[in-house]
Amino acid sequence: MSRLQARCERDYPTTAPAIAAWLAAVVQHPIPGLATDTSASSNSSMSAHSGVALADLQTVRSEMEFWLPAQSLPVRQLDQLCQKYLLPGVPRPRLQSSTLHGMLMGFIDLVFEHQGRYWVLDYKSNALGQDDAAYSTERLHAAMAEHRYDVQAAVYALALHRLLRSRLGDRYRPEQHLGGAVYLFLRGIHGPASGTCMLTFPSEMLA
């Protein structure tokens, strides 16, 4: 916390206390949907009902760079897979028809391991309304679809899937080791959905 406070005071001197308090709340806020260790101490921010906080994660990698080869991948096919398996039924703009060929390069905000499963996490600062009620599950899903974060999540998950397959070799089982994608809407952590949208990926989306 002292390092966080010092960084905020350096970069945002007039609003440092508010920013530091907000970021501290983010890292301590439980992420629903992650299994918890019910044997953990009651003093931990983990609980069987609320999920696991970022501060409790032991194995993390921030800003992980990836290079993902794409060989004549029709964007329409990717679009269809996302519409079918990720947030099904939620309307979203269609992707432009084209073909991906070459290397996709990017950075994943956070990759973490929890109880033997690996996840990607992306932070979003979207403003969806004036109060916590604006960050319902329905509104989060709508924002995910509107901005096509589903496609971003699919690319990130595929990059992680291929990394795990390379590192773990024959021991790798996607259904056992690949968790999915967590999208954390920072302004909505106190909303009905805890600011969290979680996506998982069927085998049809992994290659």
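## Aromatic pairs and a covered helix

Of the contacts in the protein with a separation of 6 or more, 67% join residues 24 or more positions apart. The model is predicted. The protein has 207 residues, and 42% of them count as buried. Its accessible surface is about 11700 Å². Carbon and sulfur atoms make up 51% of that surface.

The protein holds 6 helices and 7 strands. Along the sequence their order is α-α-β-β-β-α-β-β-α-α-α-β-β.

Now to the rings. How many aromatic pairs does a search of the whole structure find? There are 3. One of them joins Phe112 and Trp119. Their ring centres are 6.3 Å apart and their planes meet at 10°. Planes under 30 degrees apart count as stacked, so this pair is stacked. Phe112 is buried, because its relative accessible area is 1%, under the 20% cut-off. Trp119 is also buried, with a relative accessible area of 6%.

Tyr149 and Tyr183 form another stacked pair. Here the centres are 6.0 Å apart, and the angle between the planes is 20°. Why does this pair tie together separate parts of the chain? Tyr149 lies in helix H5, residues 149-168, whereas Tyr183 lies in strand E6, residues 178-185. The two residues are 34 apart in sequence, so their pairing links a helix to a strand. Both Tyr149 and Tyr183 are buried.

Lys124 places its charged end over the ring of Tyr149, 4.0 Å from the ring centre. Beyond its neighbours within four places in sequence, Tyr149 is in contact with Lys124, Asn126, Ala143, Met144 and Tyr183. Asp122 is 27 residues from Tyr149 along the chain. The C-alpha atoms of Tyr149 and Asp122 are separated by 9.6 Å.

From Tyr149, follow helix H5. H5 is mostly covered, with 14 of its 20 residues buried. An α-helix has 3.6 residues a turn, so residues three or four places apart point the same way. After H5 comes Gly169, which has a positive phi, near 60°.

Further along is helix H6, residues 174-177, which includes His177. His177 has a relative accessible area of 10%, so His177 is buried. Leaving out residues up to four places away in sequence, His177 touches Gly116, Arg117, Tyr118, Leu164, Leu168, Arg171 and Tyr172. Leu164 and Leu168, both touched by His177, fall within the 149-168 range of H5.

Last, the cysteines. How many disulfides does the structure hold? The count is 0. A disulfide is a covalent bond between the sulfur atoms of two cysteines. Cys82 is buried, with a relative accessible area of 0%. Cys197 is buried too, and its value is 2%.

Conventions: Residues numbered from 1 in each chain as written. Predicted model: local features only at pLDDT ≥ 70, side-chain atom pairs only at ≥ 80, totals over all residues. Heavy atoms only, no water. Phe/Tyr/Trp six-rings, centres within 6.5 Å; stacked < 30°, edge-to-face > 60°. Buried < 20%, exposed > 50% of the residue type's maximum accessible area, 1.4 Å probe, protein only. Helix = DSSP H or I, 4+ residues; strand = E, 2+ residues; numbered from the N terminus. Lys NZ or Arg CZ within 6 Å of the ring centre and 35° of its normal. Contact = heavy atoms within 4.5 Å. Areas by Shrake-Rupley, 256 points an atom, 1.4 Å probe, with all protein chains shown as cover. Disulfide = S-S within 2.5 Å.
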